[in-house]
Amino acid sequence: MNRIIKKIAVLGSGVMGSRIACHFANIGIEVLLLDIVPKEPNPAESAKGLTTESPLVRNRIVNDALTAAVNSNPSPLYKKSFQSRIKTGNFDDNLKDLGSYDWILEAVVENLAIKQSLYEKVEEVRAKGSIISTNTSGIPMNLLCQGRSEDFKTNFCGTHFFNPPRYLKLLEIIPGPDTKPELIKFVTQYGEKFLGKDTVICKDTPAFIANRVGIYSIMEILHSVEKLGLTVEEVDKLTGPIIGRPKSATFRTGDVVGLDTLVNVANNLSAGLKNDERKDVFLLPGFLKTMGENKWLGDKTGQGFYKKTKNANGETEILSLDLKTLEYKPQGRAKFATLDSTKTIDDVKKRFKILVAGQDKAGEFYRNTFGSLFAYVSNRIPEIADELFRIDAAMIAGFGWEHGPFEIWDAIGVKNALPIIESTGNKVAPWINEMLEAGVETFYKTKSGIKNYYDIPSKSYKPIPGRESFIILEDLKPGKVVWGNADCSIIDLGDGILNCEFHSKMNTLGSGVVAGINMAIEMAEKNYKGLVIGNQGTNFSVGANLAMLLMYAVDQEWDEINLMIHTFQNTMMRARYSSIPVIVAPHGLTLGGGCELSLHADRVVAAAETYTGLVEFGVGLIPAGGGTKEMTLRFSENYEEGDVLLNSLRNTFLTVGQAKVSTSAHEAFDLGFYRRGDVIVVNKNNQIAEAKRVALAMADAGYTMPQQRKDIRVLGKQGLGIIYVGAASMQAGKYISEHDKLISEKLGYIMCGGDLSQPSLVSEQYLLNLEREAFLSLCGEKKTLERIKHMLDTGKPLRN
C-alpha cells in the first residue's frame, strides 16, 4: 500500500508529546494533540465562572503544555507560525476524530495499564490500516499490544524519539511481535526522509539500544570516579569534546536531563536485566543514592553535580559537588598530561590511541571506561541488535557522540584494545576472536566510496544499508580528491559536479579555504558542470580567521588587512559570477563569512538546522566580504516609495546591526539571508546529494553567467539621517555604547551608498569599496581590538 501521511494524532502532551507534535508541524503535517480533561477548574477558571464543561477548562492541560513547549528554549519549532498546524483537544471529546488520521502516536505516561486502557479506546475509532505507534522508552511491545486486534498488532510499533525531538537525530524503531515488515520499512524511511532522523531498528529488549549502552557507559564512568578519586570537573573535562562528546560531558548533562531520569533508567535496567553479565554496573553508587534522597536532581531543583550561587561580591558563581564529602566547593582546574599531549591533534579519532596510552590518572580512566565499554557492546550482539553499525548509529544520533563504540575501537585498533579490555577484568564476545583469527582486523572498511561494516553471521563486509542515496564525503574522499591543501579538499562527486570541502579548525575561512574556493571554481569552469561548496563537519563555518586579523591589526599591517578583505570580496564575487552554477550547502553555525558565501551562491541548499547571520558587529566590525553589499542589494530589489521603504531599510539595517542569527533555515528566509528558489533539507545526510542534484539541474537547464549589478538603489542622505538620528538616540539612552554608535554609522553609510544628495543607482563594486574602507577604519579602533581579543579568549561578544 502506498502510504501518505497527511495527518497525525499525538496522544499525550507532556514534554515529549508536545515536542513531537511540534516536529511533525515543522515538516508541514496537520497535527492533532490530545490529553486528559482536568478533574476540576483551577482557581482562576472558577473565578470566571468556568466549569469542566467549558472548552477552555477541558483543553487546559494540552493548551498549557503546548504553550510551554513553544515558548521553551531552544524552540521545538522551526518558526513559531508553524504552531498553527497543531490543533488541540482532549481524550473525552476528540478520540472520536482519530478515524481520519493516518498515524496515531501515543506518548502518555510510562505506565503499562494506562497505555493499554488508551489503546482499547483508540481501537474503537481508528481507521483500519492506520499506523499506531508508541514513544515508550522501554515497555516491551508484546505487553503493550496484548488483547488488541490483528490489524492493530500488525500496524503497531515503537517509535522512540529522543528529547528534544527536533534536535536529537535518533529515532529508534521497535517492531512488535506481529508488526508487518513493510510497516517498519515505511516508518524507517519516513523518519529519515521527512523527519530528518537517523532511524535505527532495535530489538524489543530493555531500554532498546541507545539507553542500554548510553546508561551503561555513564554508570561505568560514575563507578570509575569512586575507584580513581576523580572530581566532577575532571570527569567532565575527560568526557567532553576531547573525545568527541558534547561540551556538557557527563555530570553537566546529568544536571540538564535530571538525575531522577538517570536513576530511574538505571534502576529499571538493574531490575529488568536477567542475563546481562554486567548488570551490577547499573547499581547506583553511594553518592548518587544520597543525591536522589536529597532531591539534588540538577537544574530542575537548583542543584545537582553543579550549583549556581552568588559569592560575597554578589557575582554568579558555579560550584561543583565534592563526591566524597557531598559538599559544594569552588571548581578546581582539571589538568592532565595525557590531555596536554593531544592539544595539537584536531582529528578526534587520532586522539584515542594516545589517550588510552596515558600513564597518568586520565590514561587509567580511559583504559577502564573504554575497555569495559568495548567488551559490553561486543556482548550485546545479537541481544539488542544483529549488526554492530546499529549500536554506533544509535550512540551517535541519540547521545551526540562523534564516534560510536565500534568506531572508537577501530581507531585504537581492534587487536591493540584486547589487553586493555582484559585489564578491566572483562571478556569480549567469542565473535571478536573469531573475526581476528580470520585475519579481519577492523569493524569498518570503505570500498569504492561506500562504508562497509563487518557482518558477523556471514563473516564478511557488507554496505551499511540506507546510505545508498546519501553522499558521505568521508566515505567518498579516498580516490576522489582532485585537489587539496591543509584547509580544503576538492572532491569529484561524479556526473560533472565538484565539491569544495572545508576542514580548517571550526571551518574558519582563512587563506587556505579561500584558495580552495577559487581553485574549485577554476577547475569546474574548465572541465565540469557545476560546483557544490559544502562539508559535513559539525558546523559549515564560524566565519573569518579572527586570530590572523587581530595579529595584523595589532601590528598595524593595514596593507595586509586590505589585501585580505579585497581577496575575500573577490572570492565571493567569483562565486556569484562564474560560468558554472555554484551551490552552497550550509548547516549548523554559518556565521560571518560563511553567511556571506551563502548570500553569493546561485542557490542555497540549507540543512533545516542552519543558524546563520552576519555577526561581525559582535567584534566591532561590519560585514566586509560582500555581506553588507548583498543585504543592501536585496533591500533595493524590494524598493518601494514612502514609509514602507524606510521601514524596509530599518529592518535590513537592524538584521545586520543587531547581528541577528536565524534559529533555523526557515527563519533565515524571514531575515533575508535566503531567497525564493533556495532549498531546505531536513535530513543533513541528504544535503550534499540534494545540492549536487540542484547543480546538475541548473547546468542541464542551460546555466548562463549573470552580470554584475549596477542598478542598486540607495537612499543617500535621506536614509543616513534616519540611521544617524536613531544611533544617536540609542546611545543617549545608554542602549548602545559610543563604539556601537560608530559602527552603526559606518554600516548605515554603506547601506545608504554614502552621503549622496539624493536616491541613486550604484554598482556592487561601489558598495564593496565602501565596505572595505569602513572595515579598515574599524580595525584601527582600540575598542574593536578589545572585542576581537575577547571573542577569541571567551567565545562571547563584548560590549564596550
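**Briefing on a predicted model**

Lysine 734 is found in the loop between H31 and H32, where helices (H or I, at least four residues) and strands (E, at least two) are DSSP runs, numbered from the N terminus. This is a predicted model, in which local features need pLDDT of at least 70 and side-chain atom pairs count only at pLDDT 80 or more, while totals for chains, interfaces and linings use all residues. Residues are numbered from 1 along each chain as its sequence is written, and side-chain values use heavy atoms, with hydrogens and water left out.

**Backbone features**

- Most residues other than glycine have a negative phi, and most peptide bonds are trans.
- Lysine 734 has a positive phi of about 65° although it is not a glycine, and at 74% relative accessibility this lysine counts as exposed (exposed means over 50% relative accessible area, buried under 20%, and partly exposed in between, with a 1.4 Å probe and protein chains only).
- Leucine 326, which is not a glycine either, has a positive phi of about 55° and lies in the loop between strand S10 (316–322) and strand S11 (327–330).
- A cis peptide bond with omega of about 0° joins asparagine 163 and proline 164, and proline 164 is found in the loop between strand S6 (156–161) and strand S7 (170–175).
- Isoleucine 381 and proline 382 are joined by a cis peptide bond with omega of about 10°, and proline 382 is found in the loop between helix H17 (361–379) and helix H18 (388–399).

**Salt bridges**

- The count comes to 44 salt bridges, a salt bridge being a side-chain nitrogen of Lys or Arg within 4 Å of a carboxyl oxygen of Asp or Glu.
- Lysine 526 forms a salt bridge with glutamate 522, their closest N and O atoms being 3.4 Å apart; because the two are four residues apart in helix H23 (residues 511–527), about one helical turn separates them.
- Of this pair, lysine 526 counts as exposed at 60% relative accessibility, whereas glutamate 522 is partly exposed at 34%.
- In helix H32 (residues 738–751), lysine 741 and glutamate 745 are likewise four residues apart, and they form a salt bridge whose closest N and O atoms are 3.0 Å apart.
- Arginine 278 forms a salt bridge with aspartate 280 at 3.9 Å between the closest N and O atoms; arginine 278 counts as buried at 15% relative accessibility, and aspartate 280 as partly exposed at 42%.
- A network of salt bridges links Arg212, Asp276, Glu277, Arg380 and Glu383.

- H23 has 17 residues and reaches 24 Å from its first C-alpha to its last, close to the 24 Å expected at 1.5 Å a residue, the expected span being 1.5 Å times one less than the number of residues.
- The buried residues of H23 include Gly512, Ile517 and Met523, and what covers the buried residues of this helix includes strand S16 and helix H25 (558–576).
- Serine 489 lies in strand S16 (residues 488–494) and counts as buried at 7% relative accessibility.
- The side chain of serine 489 makes a polar contact with the side chain of histidine 503 at 2.7 Å (a polar contact is a pair of N or O atoms within 3.5 Å; within protein, one must be able to donate a hydrogen and the other to accept it, and residues adjacent in sequence count only if both atoms are side-chain atoms).

Note on methods
Contact means heavy atoms within 4.5 Å.
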